[in-house]
Amino acid sequence: LLSQLMERVPTLWGNTTTMLRFRSSSNAEDVLGFTGAGLYESYSACVADQQDADTLGPSQCDPNKNEEYTTEDALRIVWASLWNVAAWEERDWYGMDHLQAAMGILVDTQSENEWANMVAFSKNPLAQDDRMLIEAQSGDLDVVSAEPGVFPERDFLTLQNGEVTAIERESHSSETEIWVVNDAVLKEQGELLWDISQWFPQDDPVPEGATLLWDTEWKVLSGGQLVIKQIRPYLREDF
């Protein structure tokens with residue numbers, strides 16, 4: 001498997017010195033009624049670190065990293081996270097059969113110098129409201145698992161026929177007095193999320209008394225490029 005990875009990476013990205021991100025992709029997360037958000041690990045990997053003759057840093061993919069990030073370590077860490085205590089307890093609470101759980105891995109490039117991180121819901125999960133909810137933080141600050149006392153910017157988008165017709169700014173991020181993302185980014189994001197919500201497949205039927213929403217995670221890179229990194233179904237109870 002390691003040999004196949006080391007052959008595949010330069011085919012996809014043209015070199016072995018691009019820092020990769022090995023992301024958890026199990027069958028016990030991102031399903032209707034059980035998101036599993038934050039339960040499992042993601043880890044960085046550098047194929048060039050795997051191929052060199054030593055185990056010492058710095059990483060050949062990032063000289064600012066004082067240790068190596070081998071594909072072997074990344075595989076082990078992400079696979080092993082299927083059995084961490086938090087994941088076990090969460091699955092146990094929902095009555096899931098642990099022996100039916102399995103961990104896959106999605107390999108992508110690691111984002112550097114992020115301008116913003118965002119979480120976007122295709123409809124408001126907090127109320128019977130069809131506006132999109134967007135929460136944003138500057139740089140690489142986490143929206144999903146923020147430190148105590150750290151709050152994201154909150155915005156609402158109104159759409160008609162896939163077009164953003166209104167942007168309502170509710171609150172600033174606790175970390176900055178200016179808006180993290182501008183109107184142009186919000187408009188692009190809202191219209192992309194609307195498109196996604198029209199065609200993204202949903203395998204399980206939505207139970208009565210609930211509305212299907214899409215819970216998504218995004219990044220804005222330093223060059224202004226908007227990237228979607230995660231999508232999962234979310235059930236909102238009909239109030």
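**Group meeting: a walk through the model**

Let me start at Val 181. Leaving aside neighbours within four places in sequence, Val 181 is in contact with Ala 116, Met 118, Ala 136, Glu 153, Asp 155, Arg 169, Leu 186 and Val 220. Keep in mind that this is a predicted model.

Where does Val 181 belong? It is among the residues with the most contacts inside the largest nonpolar core. Which elements give two or more residues to it? They are strand 4, strand 5, helix 5, strand 8 and strand 9. Helix 5 spans 183-199, strand 8 spans 210-220 and strand 9 spans 226-237. The largest share, four residues, comes from helix 5. There is also a second, separate core. It has 18 residues, and Val 9, Leu 20, Leu 39 and Met 103 are included.

Let me take two of the strand pairs. Strand 5 pairs with strand 6, residues 153-160, in the antiparallel sense. Five bridges hold that pairing. Ile 134 has Asp 155 as its bridge partner in strand 6. Ala 136 stands opposite Glu 153, also in strand 6. Look back at the Val 181 list: Ala 136, Glu 153 and Asp 155 are among its contacts.

Next pair. Strand 6 and strand 7 run antiparallel and are joined by seven bridges. Here Thr 158 stands opposite Ala 166 in strand 7. The two strands form a hairpin with two residues between them.

What is the phi of Asn 161, in the loop between strand 6 and strand 7? Near 55 degrees, a positive value in a residue other than glycine. Is Asn 161 buried or exposed? Exposed: its relative accessible area is 79%, and the cut-off for exposed is over 50%.

Asp 30 is another residue with a positive phi that is not a glycine. Its phi is about 60 degrees. Asp 30 sits in the loop between strand 1, residues 20-26, and strand 2. At 22% relative accessibility, Asp 30 counts as partly exposed.

On to the disulfide. How many does the structure hold? One. Cys 46 is joined to Cys 61, with S to S at 2.1 Å. The torsion about that S-S bond is about 80 degrees, so the disulfide is right-handed. Cys 46 lies in the loop between strand 2, residues 43-45, and helix 2, residues 47-51. Cys 61 lies in the loop between helix 2 and helix 3, residues 71-80. The pair therefore ties together parts that are 15 residues apart in sequence. Why do both cysteines count as buried? Because buried means under 20% relative accessible area, and Cys 46 is at 0% while Cys 61 is at 15%.

The loop between helix 2 and helix 3 also holds Pro 58. A cis peptide bond joins Gly 57 and Pro 58, with omega about 0 degrees.

Last stop: Asp 129. Find it in the loop between strand 4, residues 116-121, and strand 5, residues 132-138. Asp 129 counts as buried, at 16% relative accessibility. What does its side chain make a polar contact with? The side chain of Arg 131, at 2.8 Å. Not counting residues up to four places away in sequence, Asp 129 touches Lys 123, Asn 124 and Arg 236.

Note on methods:
Residues are numbered from 1 along each chain as its sequence is written. This is a predicted model: local features need pLDDT of at least 70, side-chain atom pairs count only at pLDDT 80 or more; totals for chains, interfaces and linings use all residues. Side-chain values use heavy atoms; hydrogens and water are left out. Buried means under 20% relative accessible area, exposed over 50%, partly exposed in between (1.4 Å probe, protein chains only). A polar contact is a pair of N or O atoms within 3.5 Å; within protein, one must be able to donate a hydrogen and the other to accept it, and residues adjacent in sequence count only if both atoms are side-chain atoms. Contact means heavy atoms within 4.5 Å. A disulfide is a pair of cysteine sulfur atoms within 2.5 Å. A nonpolar core is a set of buried Ala, Val, Leu, Ile, Met, Phe, Trp, Tyr and Cys residues joined through side-chain atoms within 4.5 Å. Two strands pair if DSSP finds at least two bridges between them.
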